[in-house]
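The structure is shown first.

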Amino acid sequence: MIALAFETSTRASSVAIGWHDAGDGAPDHSELRVASELLGEGAAHARDLLPTVERLLAEHGLSPRGITDVVVDLGPGSYTGLRVGVATALGLAVGPDPPRLVGVSAPEVLFTDALEVGESGSWLLDGRSKAWYLARGRRVASTIELTTPPELLGEDELGALVASLDPGERLLIDPTSAAKLAQQHPRLLADRGPLDTRPIQPDVLLRAGLAHLAAEGPTPPGDLAPLYLRPFAAKVRKR
């Protein structure tokens, strides 16, 4: 078993591989050997993603032919990055014996990292143009239940949302979004404790995807699509 995961919804994309050595017996995801690498903000998703995967596999004596599962972050996030991630996953799943595909949302990954069993949390991300992404979820055993799947909120809806959150509820938000929220809506955060600003870790994405796979099965290739929640906006050039 070789599982591959890559995260391209943010500027700092990353890759993780997980595998069991030959003779390890029945696969146990808790005992996976994992290697990961952050590509950094200067990397280009389309140019650097697959070479990084190839190098990681080679460093650990693994063959691309042994890849059994491919996990990809579906966002919401970078429009270009998400397109590259999903297209790469679909490209790897072409052939007579393709790997299983698993798509998971960014908040599902972060909730996997942050929440204890029975704990609930909310996730916010600056959607730009006066919009915000929101999701809410809770941990149930080894999986995450999204009580509010990722959705897009207008600026006028944000105040009511934050005011409705339990002050003790975990609020996950990236540092850039947290700074913008504090600047534009300082009163919304006055009664809250410190925000949870952890990034998406590639090894957590890998394990979240494998838990999702065990609970719900693989994602059909035709259903593997980025979470584009913003309406498409095109500028008409005037002549």
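Reading pockets, cores and backbone

Q: How much space lies in the second largest pocket?

A: Rolling a probe the size of a water molecule over the atoms shows where empty space is left. A pocket is an open set of points, on a 1 Å grid over the protein atoms alone, where a 1.4 Å probe fits, with protein on both sides within 12 Å along at least five of seven lines; lining residues have an atom within 4 Å of a point. Grid points are joined across faces, edges and corners, and a volume is the space filled by probe spheres set on the points. Here the second largest pocket holds about 380 Å³ of space. It is lined by 15 residues, of which Pro64, Arg65, Ile67, Leu92 and Pro99 are the closest to its centre.

Q: On what kind of model do these values rest?

A: The model is predicted: local features need pLDDT of at least 70, side-chain atom pairs count only at pLDDT 80 or more, and totals for chains, interfaces and linings use all residues. Residues are numbered from 1 along each chain as its sequence is written, and side-chain values use heavy atoms, with hydrogens and water left out.

Q: Which element gives the most to the lining of the second largest pocket?

A: Helices (H or I, at least four residues) and strands (E, at least two) are DSSP runs, numbered from the N terminus. Helix 1 gives the most to this lining, with four residues; helix 1 (45-59) and strand 4 (67-73) each supply at least two. By class, the lining comprises ten nonpolar, two polar and three charged residues, where Ala, Val, Leu, Ile, Met, Phe, Trp, Tyr, Cys and Pro count as nonpolar, Asp, Glu, Lys and Arg as charged, and the others, Gly among them, as polar.

Q: Is helix 3 largely enclosed or largely open?

A: Buried means under 20% relative accessible area, exposed over 50%, and partly exposed in between (1.4 Å probe, protein chains only). Eight of the nine residues of helix 3 are buried, so this helix is largely enclosed by the rest of the structure. Among the buried residues of helix 3 are Val109, Leu110 and Phe111.

Q: Which residues touch the most other members of the largest nonpolar core?

A: A nonpolar core is a set of buried Ala, Val, Leu, Ile, Met, Phe, Trp, Tyr and Cys residues joined through side-chain atoms within 4.5 Å. In the largest, of 25 residues, they are Trp123 and Leu206. Elements that each supply at least two of its residues include helix 3 (106-114), strand 6 (120-128) and helix 6 (202-216). A second, separate core of 23 residues includes Phe6, Ile17, Leu57 and Val70.

Q: What is Leu82 in contact with?

A: Contact means heavy atoms within 4.5 Å. Leaving aside neighbours within four places in sequence, the partners of Leu82 include Ser9, Pro76 and Tyr228. Leu82 lies in helix 2 (residues 79-92) and is buried, at 0% relative accessibility. Its C-alpha atom is separated by 5.3 Å from that of Ser9, 73 residues apart along the chain.

Q: Where is the peptide bond cis, and which residue has phi near 50 degrees?

A: Most residues other than glycine have a negative phi, and most peptide bonds are trans. The bond from Gly75 to Pro76 is cis, with omega near 5 degrees; Pro76 lies in the loop between strand 4 and helix 2. Ser129 has a positive phi near 50 degrees, and Lys130 one of about 60 degrees. Ser129 is exposed at 60% relative accessibility, and Lys130 is exposed at 65%.
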